[in-house]
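Here are my notes on this one, jotted down while going through the chains. Have the viewer open while you read.

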Amino acid sequence: MSSYYFSIVGTRDNPLYEVEFSSFKTATTSSSTGSSVPGISQFPTNIKEILPFVTNSSLDLIEDFQWTTSSFNLGKIDSFYGLLVYGFITQGNIKFILCFEGSNNNNNGSSAQKYNENSIKQFFVDVNDLYVKCLLNPFYAVNDAITSPDFDLKVKLLAKKYL
Amino acid sequence: MSNEDIILPSASSLSTLSISDISRTGFGYNPSVGPASNSITPETSNILLNRKTITLTPTSANSIYDKNINSKKINEISLSSLSFLFCEIVNWSHKNSKGIQDLETRLNGLGYQIGQRFLELNKLREGFKTSKREIRIIEVLQFIHGTFWKSIFGKVANELEKSQDVTNEYMIIDNVPLISKFISIPKDYGNLNCAAFMAGIIEGALDSASFHADVTAHSVPLDGFPLRTVFLIKFDESLMIRESLRFS
Amino acid sequence: MKVYSIYILNKAGGLIYQNDVNAGLNKLSANDYLVLAGTLHGVHAISARLNPTINGKDTTSEANASPNAQILTTGRFQDSNGNRSGLHSIETDLFNLYVFQSLTGIKFIVITSPNPVVYNIQTVKKREDVIASKGELNKSYEEANGVFKQLYVIYSDYVMKDPFYSLDMPIKSHLFDAKVKELIS
């Protein structure tokens, strides 16, 4: 069961929102101790603490990449010792970044990977929808942290739906 | 070090959360705590899995997050109410301003936030499949002149021109700016133009799309169009360098 | 019907707009225009008190209350002319003058060319002719009403929605001027 670290990064490379979770789908096949609860992230501590750094280091790659493509979804932008980094950028220069541990068994086939990339894309698109709704709040300004509990709930529901 | 001393790089608003604010429901991100603040617990996992409806905030039951903002249907509002509202906006800004220049800056600032928000909303409404991210100066200008203008003012702007002398200057021209349709500037106000508000909208949209620019509104009346306004867009020099490096 | 002049009076009887849209009237001095406006305002107010009594009871308040009552019951105002009991028009051989009052007490006054001359009603014995001349009179009143309606619309748009206009002060908006010119020509 793979764990994910999702963050939204503002225009000044400042974090607006972060969340850690794990896939809700493979909850039953958990082997690690005391982790029968689906959704709780399973990152080992040494990985957990470098996640924000991995995300941040990918920002340079995103900035380089964003001027070469006119699509919103940037796909896989980086990998760091098995940590895969996927990115999405809005017109307003807000970055959505998803880090997770790639599956070790590469013989999974490309179709599974394709499926995975598609669901990541869908996840990003729907989070974009949520972000714009958040932006429509007159008490929220661009580059503020998103503290709304409702937003948090919706993102987690999307995570459950797609990842 | 007290809680107040902790600098939150991401939060500029008044409602910043401190390290001691703990969410009671288990939902809600706290920037001073980080991802630990909203990590999934057995309780929240249960809520997520069983799709329980919970009331997190007073507005949860009727939250915007449950609504569709994506509809293509054109929502029209009354021009009268818009004009009266804008009339009050100008009056209020005028009351607080120190002079004509200051008044224009204030109107520009009010428009700026609208531009930032509308840009994202507009791209969302275009649809993920059909729209593309604007990465070139001329394309982003065409987008603003066309789609963006139409969704705010119900019509496309009249002209889009490039300055002949200066490379980083462009002009969007509107013969009858909707917002200042009924406003006539008294003589002692010099060259004030209330469409500075619209200039602010453009500037906000361009800035957040990382096309940094200064946008100003100038009255250039023609016969039959006494309110004709030229929005002068002056891009940052660095932008021209970026453009030439990327696309030459 | 030719419109000579348009005056707008605020609710205190002060002249806030005066425009001789077509030549044809003698010019007065600026002060005389103010006096004229004040006089018309006063005459209007007094004439409003000249209501007939019904069984010895005054009906003025009822006549004036009716537009408000109408708004309260139906939620809309059918006729924009709130000038119910006051001076409506003055007709002379040389000019006609019409008064329109908005609900808030702004008076629009229009001075137009006189009614078409009706030749000797007394000598013409046929009744149809009399009716025809009456219809002619009614027509110019209707025409004036049409001008008032559009003038009221222009006033609401270009004066009331202008942030640089303060209530009851003289109207200086050049857009308003241009629109009035457009309306009359």
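Predicted model: local features only at pLDDT ≥ 70, side-chain atom pairs only at ≥ 80, totals over all residues.

1. Pro42(B), Glu43(B) and Asn50(B) are exposed on α1(B). Across from them, Thr44(B), Ser45(B), Ile47(B) and Leu48(B) are buried, within a helix that covers residues 42-50 of chain B.

2. What do the buried residues of α1(B) pack against? Their partner is α4 of chain A. After the helix comes Arg51(B), with a positive phi near 50°.

3. That takes us to the contact between chains A and B, with 49 residues from chain A and 45 residues from chain B. On the chain A side, β2 (15-22), α3 (110-135) and α4 (149-162) each supply at least two residues. The most comes from α4(A), which gives 9 residues to the side of chain A that touches chain B. By class, that side of chain A divides into 24 nonpolar, 15 polar and 10 charged residues.

4. Chain B itself is split into domain 1, residues 1-67, and domain 2, residues 79-247. The C-alpha centres of these two domains of chain B lie 36 Å apart. By its numbering, α1(B), at residues 42-50, falls in domain 1 (1-67).

5. Where does helix α4 of chain B bend? The bend is at Ile144(B), by about 35°, in a helix running over residues 137-153. Ile144(B) is also among the buried residues of α4(B), along with Ile137(B), Val140(B), Leu141(B), Phe143(B), His145(B), Phe148(B) and Trp149(B). Just after the helix, Gly154(B) has a positive phi of about 80°.

6. Beyond its neighbours within four places in sequence, Val110(C) is in contact with Val3(C), Ile6(C), Tyr98(C), Ala144(C), Val147(C) and Phe148(C).

7. As for chain C as a whole, there are 4 helices and 5 strands, in the order β-β-α-α-β-β-β-α-α along the sequence. Of its 185 residues, 23% are buried. Among the contacts in chain C with a separation of 6 or more, 46% join residues 24 or more positions apart.

8. How many residues of chain C are in contact with chain B? There are 11, and they meet 12 residues of chain B. Both α3 (127-158) and α4 (174-184) of chain C supply at least two residues of that side. The most comes from α4(C), with 3 residues. By class, the side of chain C that touches chain B has 5 nonpolar, 2 polar and 4 charged residues.

Methods:
Residues numbered from 1 in each chain as written. Chains lettered and ligands numbered in written order. Domains from an automatic or database assignment. Contact = placed C-beta atoms within 7 Å. Nonpolar A, V, L, I, M, F, W, Y, C, P; charged D, E, K, R; others polar. Bend = angle between axes of the 7 residues up to and from the residue. Buried ≥ 20, exposed ≤ 12 C-beta atoms within 10 Å, placed from the backbone.
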